[in-house]
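Here is a note for a colleague who is meeting this structure for the first time. Please keep the sequence and the model open while going through the points.

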Amino acid sequence: MASRFKEALNSGKFVITTEVAPPKGTNLEKMFHHIDLLKDKVDGMNVTDHQSSVMRFPSVGGCLAIKEQGGEPIMQMTCRDRNRMALEADLLFAYTRGIQNVLCLTGDAVPVGDHKEAKGVFDLDSLQLLKTIRQMEAGQDLGGNNLDGAVEFCAGAIVTPEAQPIEPQLIKFEKKVEAGAEFFQTQAIYDLENFSRFMDYARPFKTKILAGIVLLSSARMAKYMTENVPGIFVPQELIDELSQAPKEEMLAKGIEIAGRTIATLKKESICDGVHIMAIGREEVVPDILAAAGL
Amino acid sequence: MKSITRQKSPEDIEQGLNGFDKVFIIGCGTCTTMTKTGGIDQVAEMKDYLGELGKRVTGTTVIPTACDDMTAEALKENEKGISGADCILSMSCALGVHRMNLYLDKPIIPALDTLFIAVEDSPGYFREACAQCGQCVLGETAGICPITACHKGLINGPCGGTNDGKCEVDKEKDCAWTLIYQKLKEQNRLDLMRKYQPPRNHHIILKPRAMRF
């Protein structure tokens with residue numbers, strides 16, 4: 001049976017996903033609060049997998065919490081911390097517990113996170129993980145053995161439309177499509193002209209593209225992101241717009257910008273939907289949706 | 001090809017020599033001489049340092065190439081100093097320690113950490129070029145090794161952490177896949193980047209690896 005998220009993707013509607021970050025510890029209160037707040041407003045909720053290589057409560061645990069609350073989880077799965085056997089085993093477990101959507105990522109490098117001396121695994125990469133899922137759906141593991149009970153997932157991946165140079169990223173994007181990526185969540189996009197050009201390129205491929213919307217909570221954050229985060233470009237006009245807002249209204253301005261971007265993407269049918277990342281401010285996602293007129 | 005080493009901290013060396021009063025120091029005339037981590041001058045400095053620690057240095061030598069079989073001869077020539085010592089402090093790389101260990105019964109304490117095997121790209125600049133994975137892909141990656149030059153060892157193209165040709169772990173490091181892309185493009189062979197590379201075999205030769213010719 002197709003997942004609710006997959007049905008949304010195939011329905012032709014403008015799909016909205018967001019994400020929750022599991023806690024560093026066993027206090028799940030805040031995560032449950034965010035799940036409750038967002039589960040009925042979106043088509044799927046990503047749970048990050050030790051985002052930025054910072055150790056946290058596991059993605060699969062967050063996904064189960066979403067299931068318990070009646071939401072639709074999208075399990076982020078990176079290749080940084082598990083070899084192929086552990087990834088396959090977690091896919092088997094996730095499937096049996098009703099998790100039907102997986103986002104395949106290579107994963108950030110270990111040294112950017114908070115366990116700098118840990119071993120980075122990278123036994124597989126994002127592309128090989130996608131292929132692994134398709135192979136397991138056909139009833140076989142990576143050792144070539146038959147599975148007693150297969151899996152079925154809606155599997156996706158990521159793409160960075162603002163990467164420089166762009167061509168190596170596009171080649172990998174096409175490899176991911178060929179490997180069976182049913183949807184893509186993009187890295188944060190702010191320049192709609194650039195993104196529209198990317199969509200002109202991506203549109204003919206048989207997959208769905210959800211534009212990454214990262215909330216800009218201050219001018220400082222916007223400046224930091226454009227200067228330091230790989231593949232993110234924030235146009236100067238947006239930084240100026242944020243810096244002109246009084247300090248106590250900067251967040252509201254960021255929400256307005258995110259909402260405006262989403263509304264334009266939807267109105268002009270630029271892409272198939274959005275993936276909203278509020279990064280620690282999940283409680284304002286309903287405000288972003290309201291600002292977008294959704 | 002050079003074995004790249006770095007001297008351990010004075011505290012670590014002191015800790016390693018804990019319980020040994022008489023020490024014989026052995027340097028190497030090849031890689032650690034060139035990297036100034038275990039040549040004649042560094043061995044002399046080490047002798048002074050051990051003196052400060054109150055150790056008795058029974059002798060020192062710098063073996064021409066500590067990892068080769070001539071080492072047996074060099075150790076014999078220094079038999080007197082070595083036999084009077086409680087341990088050997090090695091200022092060769094770990095390959096030299098292994099060689100000495102074939103001939104000596106005494107404890108051998110490394111004063112250096114062995115970091116990687118390198119090629120000298122330009123005078124004084126040493127870079128790891130091969131991880132000896134046993135499945136060479138250089139023919140498909142324009143002679144640039146993604147296993148070694150990409151922080152994550154990715155073989156299917158760049159990750160999302162690449163930025164203007166640099167790597168997310170260090171803005172000074174080149175993104176291997178940007179280099180591969182540029183060179184394949186020059187060679188008009190970009191189609192190679194489109195090829196799916198399956199998961200690697202990490203047991204081409206079972207560890208510990210050895211082969212007889």
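1. Two strands are said to pair if DSSP finds at least two bridges between them, where strands (E, at least two residues) and helices (H or I, at least four residues) are DSSP runs numbered from the N terminus. The model discussed here is predicted, so that local features need pLDDT of at least 70 and side-chain atom pairs count only at pLDDT 80 or more, while totals for chains, interfaces and linings use all residues. Residues are numbered from 1 along each chain as its sequence is written, and chains are lettered from A and ligands numbered from 1 in the order in which they are written.

2. In chain A, strand S2 (residues 44-47) runs parallel to S3(A) and is joined to it by three bridges, and Val47(A) has Met75(A) of S3(A) as its bridge partner.

3. How many residues of strand S3 (residues 73-78) of chain A are buried? Six of its six residues are, where buried means that 20 or more other C-beta atoms, placed from the backbone, lie within 10 Å of the residue's own. In a regular strand the side chains alternate between the two faces of the sheet. In S3(A) both faces are covered, with Pro73(A), Met75(A) and Met77(A) buried on one side and Ile74(A), Gln76(A) and Thr78(A) buried on the other.

4. Asp272(A) sits in the loop between helix H10 (250-267) and strand S8 (273-277) of chain A, and this residue counts as buried because 22 other C-beta atoms lie within 10 Å. Apart from neighbours within four places in sequence, Asp272(A) is in contact (C-beta atoms, placed from the backbone, within 7 Å) with Val15(A), Lys208(A), Ile209(A) and Leu210(A).

5. Turning to the interface, 29 residues of chain A are in contact with 23 residues of chain B. On the chain A side, helix H5 (126-137) and helix H6 (167-178) each supply at least two residues, and H6(A) gives the most, with seven residues.

6. In chain B, helix H8 (residues 176-186) has Ala176(B), Trp177(B), Thr178(B), Ile180(B), Tyr181(B) and Leu184(B) buried. What covers these buried residues includes H6 of chain A, together with helix H7 (146-149) and strand S9 (170-174) of chain B. After H8(B) comes Asn188(B), with a positive phi near 60°.

7. Chain B as a whole has eight helices and nine strands, and is divided into domain 1 (2-116) and domain 2 (131-194), bounds that come from an automatic or database domain assignment. The C-alpha centres of these two domains of chain B lie 38 Å apart. The C-alpha atoms of chain B fill a box of roughly 65 × 40 × 30 Å along the principal axes, and buried residues make up 35% of its 213 residues.

Definitions and conventions
A residue is buried if 20 or more other C-beta atoms lie within 10 Å of its own, exposed if 12 or fewer, and partly exposed in between; C-beta atoms are placed from the backbone. Two residues are in contact if their C-beta atoms, placed from the backbone, lie within 7 Å.
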